[in-house]
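User: Hi, I have a protein model open and I'm new to this. Could you walk me through it?
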Amino acid sequence: MYTYIAKRLLVAIPTLLIISVFVFSLQKLLPGDPILAMAGEERDPEVIEYLREKYRLNDPVPYQYVSWLGSVLKGDLGISLRTNQPVLELVAEKLPVTIQLAIMSMIFAFVIGVPMGILAAVKKNTVFDYLANLIALSGLSIPNFWLGIMLILLVSVKLGWLPASGYEPFFSNPLRSIETMLMPSFVLGNALAATLMRHTRSAMLSVLSADYIRTARAKGLSERSVVLEHSFRNAVLPIVTLSALLFGELLAGAVLTEQIFTIPGFGKLIVDAVFNRDYAVVQGVVLCTAIGFILMNLLADIVYVLLNPRIRAAL
């Protein structure tokens with residue numbers, strides 16, 4: 001197991017290196033010059049030259065990349081060109097918000113999507129199957145921003161059950177934090193639940209037609225045991241892979257949802273950084289997001305090993 005994990009981590013190193021080169025090269029193509037914006041309206045040539053030297057923008061691009069990569073390996077993601085804050089501080093400030101939103105969204109997605117997928121597979125070609133597919137299609141079709149606005153109008157404005165926007169750190173006030181995150185989490189989880197439902201249904205249908213399932217039923221096992229203990233256990237592997245990818249997408253930030261509900265997460269941070277041409281923040285956030293994707297894929301691989309005896313035996 002440890003050898004397997006070590007090999008996966010070794011594969012991740014060149015992946016991160018390629019991503020860092022890609023991100024560093026692309027952000028150089030952004031239009032405009034952040035130094036001109038920082039220099040103010042007068043744009044004193046001496047000030048502009050000082051800022052270029054301070055942020056090493058006069059150096060050749062390959063040297064800039066090597067210098068930045070060396071700092072990253074030491075744990076220094078650079079300084080924001082706009083706020084003059086260390087990028088690591090900004091990431092540490094926004095990351096808990098995004099993680100909380102992602103976890104709560106995935107809880108909604110699992111609670112809604114997985115049971116619906118199992119029910120649709122077991123009740124194939126019945127009214128339950130058609131209804132589950134209709135709900136899934138609706139979840140995929142309804143835009144998140146529209147659903148978010150409708151929820152604010154209904155739940156917050158008319159009924160007054162939940163706050164319309166804002167964010168409260170979880171450890172300062174857990175109950176208030178959950179209240180502020182319920183609606184945005186449901187908005188994101190609703191769309192993810194539709195995807196999970198379709199994949200769960202497909203995986204369950206494939207397993208339910210297997211010979212060992214017919215054998216289990218012939219032995220007189222209860223339908224509950226056949227579906228949950230034998231079928232779902234073998235159908236869960238593709239669901240694990242999909243869940244890891246969906247969680248990785250949430251870590252990248254949900255821009256529209258965060259804007260609607262005024263949530264200070266990764267999505268808002270990276271959009272502001274792109275518009276302000278804050279290269280250091282863009283590089284830091286994208287790199288952290290890539291690391292999150294890789295860690296989630298590694299976690300999915302580990303869960304694969306734990307759930308599948310054949311993979312454990314091969315290792």
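User: What is the mean pLDDT of the protein?
Analyst: The mean is 82, and 92% of the residues reach 70 or more, where pLDDT is the predictor's confidence in each residue, from 0 to 100.

User: Which elements have the lowest and the highest mean pLDDT?
Analyst: Helix α2 (residues 34-38) has the lowest, 67, and helix α5 (residues 87-122) has the highest, 90. Where pLDDT is low, the predicted coordinates should not be read in detail.

User: OK, new topic: how do α8 and α10 cross?
Analyst: The axes of α8 (residues 174-208) and α10 (residues 223-251) come within 9 Å and cross at roughly 145°; axes are lines fitted to C-alpha atoms, for helices over the stretch in contact, and angles run from 0 to 180 degrees between N-to-C directions.

User: And which residues make that contact?
Analyst: With contact meaning heavy atoms within 4.5 Å, α8 contributes residues including Leu-188, Leu-192 and His-199, and α10 contributes residues including Phe-232, Pro-238 and Leu-242. The residues of this contact divide into 15 nonpolar, 7 polar and no charged (Ala, Val, Leu, Ile, Met, Phe, Trp, Tyr, Cys and Pro count as nonpolar, Asp, Glu, Lys and Arg as charged, and the others, Gly among them, as polar).

User: Which residues other than glycine have a positive phi?
Analyst: Among them are Asn-125, with a phi of about 60°, in the loop between α5 and α6 (127-141), and Thr-262, with a phi near 55°, in the loop between α11 (255-260) and α12 (266-275).

User: Last one: what does the C-alpha trace span along its principal axes?
Analyst: Along those axes the C-alpha trace of the protein spans about 85 × 55 × 35 Å.

Key. Residues numbered from 1 in each chain as written. Predicted model: local features only at pLDDT ≥ 70, side-chain atom pairs only at ≥ 80, totals over all residues. Heavy atoms only, no water. Helix = DSSP H or I, 4+ residues; strand = E, 2+ residues; numbered from the N terminus.
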